[in-house]
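Visitor: Please give me a close look at one part, then show me what else stands out.

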Amino acid sequence: MSFKKGKMKQKTLIEVKALSAWFKKSQALSNINLLIEKNKVTAIIGPSGCGKSTFIRCLNRLHEEVEGAYLKGEVILEGKNIYDLGSDPVLIRRNIGMVFQKPNPFPGMSIYDNVAIGLKLSGIKKRSLLDERVERSLRNAALWKEVKDHLSRSGQSLSGGQQQRLCIARALAVNPSVMLMDEPTSALEPISTAWIEELIQKLKNQVTVVFVTHNMQQAARVSDRIAFFLNGELVEFNKTSWFFTKPKHSKSEDYITGRF
Amino acid sequence: MSVKLFDERLNELKSLIASMGGCVEQMLKEASMIIFQKQADKEKLYRVIRDREIEIDSLQVKLGKYCFRLLAVQSPVAKDLRMILSIIATNTSLERMGDLSLNIAKRGRDLKEDPLLETSLHCLEEMLIHISLMVVDCLDAFINEDENLARQVIIQDRKADDLKEKICFELKSCILKNTKLIDTCLQLVGVAEKLERIGDQATNIAEEVVFLQTGMDIKHQQQK
Ligand SMILES: Nc1ncnc2c1ncn2[C@@H]1O[C@H](COP(=O)(O)OP(=O)(O)OP(=O)(O)O)[C@@H](O)[C@H]1O
Ligand SMILES: [Mg+2]
């Protein structure tokens, strides 16, 4: 958190335009418009079922993977709509990485391979280059020291908090420009949570983070911007420091002070 | 702590503020009697005022402690946070007002009487009434979260400053006419100064009300 006034012009990385999303006939998001700034942490908050997960899954084309799910609107990443005809969802998901609530290292795969797999899939074969990128990603995910002596052990042999950092390392390995996280710490105890929170703050220099959380204080601690969703609508998008001191919308006020 | 319980706690804090404010209002009334009522039992009134000041001090400590605990366990945000912050600031202002009122009472105890002082005393009484109204209004504004009333209090502070200037001017000419009155005149200048500071504290409380309602800090913004 900074007390400085934001005089520098913020650079928009993702522009969400008139985004609506459905599961079969039921609408989960209506007309979302939002600018995600580069190298900032944006937290998505709101009550259960308000569309947070759906929203971030629209940002990397995961929504369409659900049977019967579709959407309208645009998600413009660095000037290009990710839903343009001809853009490749796989490449998009590599550039817009995602970490889920439950850590999901690939079963039966070593720690090393969990991180290297994305690189291998993108065509990197040289061992020294792979080694280098794996180490760098594990360091960035603040996991290197704990695993460097047993990289060949199964990823699933790690603790929950370590597994989550492994998943972050896996997503980081391919140099994404955006990292989406859906309740990344809700399955973790306080110390692992603190690790991940610190990590998010460090990561923002290299990658733009959008994360969903139910923990209001976590959103306050970690994010620069807050997007508050309610019933599939974006109620308020604001600087975090403003959102928690003088929210613009009375519904936001009611939600964060528990008077809902 | 549940939201309902938290709201109850906030209301308790507000009623402690109201009690402190009530003490200050009474102190100003009693100080006024000491200065302006010839037949008043000045010593007795002074002791009453002194006891009120002690009561305000203990309320201040109590309130500070409660706010501190509530911040620690509740981590309030938005209006809840602004409310506690403004209670803390108002607590400080009211304690100062108590000190200043006691000081006024002290100065009022042994003033000489003299027909030359009549105009000055008349102005001083006007100022005391003006300040007392500011105090009542800023407390009403705080308790009822009334931003409009708070903004009126802030405007009234200008008149308090003008009244003080006028009193000092009158007292200076008294001294020039009869130097034997110099001690009494200096005490009266002191009273006017303390009243002005009470007005400043009332303004501070009014500014807290604006902060509570808008989230904006409007301190130091009035044109001089
Ligand atoms: N696979 C699905 N099929 C049908 N409806 C779904 C599906 N996933 C979500 N929904 C519905 O879409 C709406 C938004 O769900 P979403 O998962 O985005 O909420 P959320 O804000 O992430 O909630 P939570 O905080 O509980 O994770 C809900 O009404 C939900 O029931
Ligand atoms: Mg969800």
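Guide: One definition comes before the rest: Ala, Val, Leu, Ile, Met, Phe, Trp, Tyr, Cys and Pro count as nonpolar, Asp, Glu, Lys and Arg as charged, and the others, Gly among them, as polar. This is a predicted model, where local features need pLDDT of at least 70 and side-chain atom pairs count only at pLDDT 80 or more, while totals for chains, interfaces and linings use all residues. Residues are numbered from 1 along each chain as its sequence is written, with chains lettered from A and ligands numbered from 1 in the order in which they are written.

Start at ligand 1. Its shell (C-beta atoms, placed from the backbone, within 6 Å of the molecule) has 4 nonpolar, 6 polar and 1 charged residues. Phe23(A), Ala28(A), Lys52(A), Thr54(A) and Val66(A) are among them. Gly46(A), Gly49(A) and Gly51(A) are also included. Helix α1 of chain A, residues 52-58, gives the most, with 3 residues. Helices here are DSSP runs (H or I, at least four residues), numbered from the N terminus.

Stay in chain A for helix α3, residues 111-121. Buried there (20 or more other C-beta atoms within 10 Å of the residue's own, all placed from the backbone) are Ile111(A), Asn114(A), Val115(A), Ala116(A), Gly118(A) and Leu119(A). They pack against α2, α4, α5 and α6 of chain A. Just after α3(A), Gly123(A) has a positive phi of about 100°.

Now cross to chain B. Its 8 residues in contact (C-beta atoms, placed from the backbone, within 7 Å) meet 10 residues of chain A. Helix α3 of chain B, residues 78-108, supplies the largest share of that side, 4 residues. The side of chain B divides into 4 nonpolar, 2 polar and 2 charged residues.

Inside chain B, look at α1 (residues 3-36) and α4 (residues 118-144). Their axes (lines fitted to C-alpha atoms over the stretch in contact, with angles from 0 to 180 degrees between N-to-C directions) come within 10 Å and cross at roughly 170°. So α1(B) is roughly antiparallel to α4(B) (the label for angles over 145 degrees). Ile17(B), Val24(B) and Leu28(B) are among the α1(B) residues there, and Leu128(B), Val135(B) and Phe142(B) among those of α4(B). This contact holds 12 nonpolar, 3 polar and 3 charged residues.

Finish on α4(B). Its buried residues include Cys123(B), Met127(B), Ile131(B), Met134(B) and Ala141(B). Their cover includes α1, α3, α5 and α6 of chain B. Glu145(B) follows α4(B), with a positive phi near 50°.

Notes. Two residues are in contact if their C-beta atoms, placed from the backbone, lie within 7 Å. Helices (H or I, at least four residues) and strands (E, at least two) are DSSP runs, numbered from the N terminus. Angles under 35 degrees count as roughly parallel, over 145 as roughly antiparallel, 65 to 115 as roughly perpendicular and the rest as oblique. A residue is buried if 20 or more other C-beta atoms lie within 10 Å of its own, exposed if 12 or fewer, and partly exposed in between; C-beta atoms are placed from the backbone.
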